[in-house]
Amino acid sequence: MVYRTKGTCSQAIDVEAENGVITSVKFVGGCAGNTAGIAKLVVGMNVDDVIHKLEGTPCGMRPTSCPDQLARALKQLKSGQTANA
C-alpha cells in the first residue's frame, strides 16, 4: 500500500507486509540515509513490534517523523485500508 505522509519531509511510504511481517518499505522523499536505514531495519520485523517501537517518535520540534508516519502506515495496513486521503 502507499501511505501519504503528513508533517514530514517524505511525501509517501510504500509498505508491504505478509502474515504480520514487513516485507518491503520504500520512502518517497525525506532524508535519504535515514529513511533507507529505517526501511532496512524493519524488513523482516513483526508489524506490531515496529508500531510499538516507532509510534510517537518526533522529529525536532515536529510532533511526527518518518518513523512515526511508518507506524501510522502500518496501523492502516493492519486495519485493511489500502490508502489514506
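Biologist: How many bridges join strand β2 to strand β3?

Modeller: Strands here are DSSP runs (E, at least two residues), helices likewise (H or I, at least four), numbered from the N terminus. Two strands pair if DSSP finds at least two bridges between them. Strand β2 (residues 10–18) and strand β3 (residues 21–29) run antiparallel, joined by eight bridges. Ala-12 stands opposite Val-28 in β3. This is a predicted model: local features need pLDDT of at least 70 and side-chain atom pairs pLDDT 80 or more, while totals for chains, interfaces and linings use all residues. Residues are numbered from 1 along each chain as its sequence is written, and side-chain values use heavy atoms, without hydrogens and water.

Biologist: Which residue takes a positive phi in the hairpin of β2 and β3?

Modeller: Asn-19, with phi near 55°. Two residues lie between those strands. The hairpin of β1 and β2 has five residues between its strands, and Gly-7 in the turn has a positive phi of about 80°.

Biologist: What is the bridge partner of Val-2 in β2?

Modeller: Asp-14. Three bridges join β1 (residues 2–4) to β2, and the two run antiparallel.

Biologist: Which residues touch the most other members of the largest nonpolar core?

Modeller: In soluble globular proteins, nonpolar side chains tend to be buried together. A nonpolar core is a set of buried (under 20% relative accessible area, 1.4 Å probe, protein chains only) Ala, Val, Leu, Ile, Met, Phe, Trp, Tyr and Cys residues joined through side-chain atoms within 4.5 Å. Here it has 19 residues; Val-15, Val-25, Val-42, Leu-70 and Leu-74 touch the most other members. β2, β3, α1 (32–42), α2 (47–54) and α3 (66–79) each supply at least two. The largest share, five residues, comes from α3.

Notes. Buried < 20%, exposed > 50% of the residue type's maximum accessible area, 1.4 Å probe, protein only.
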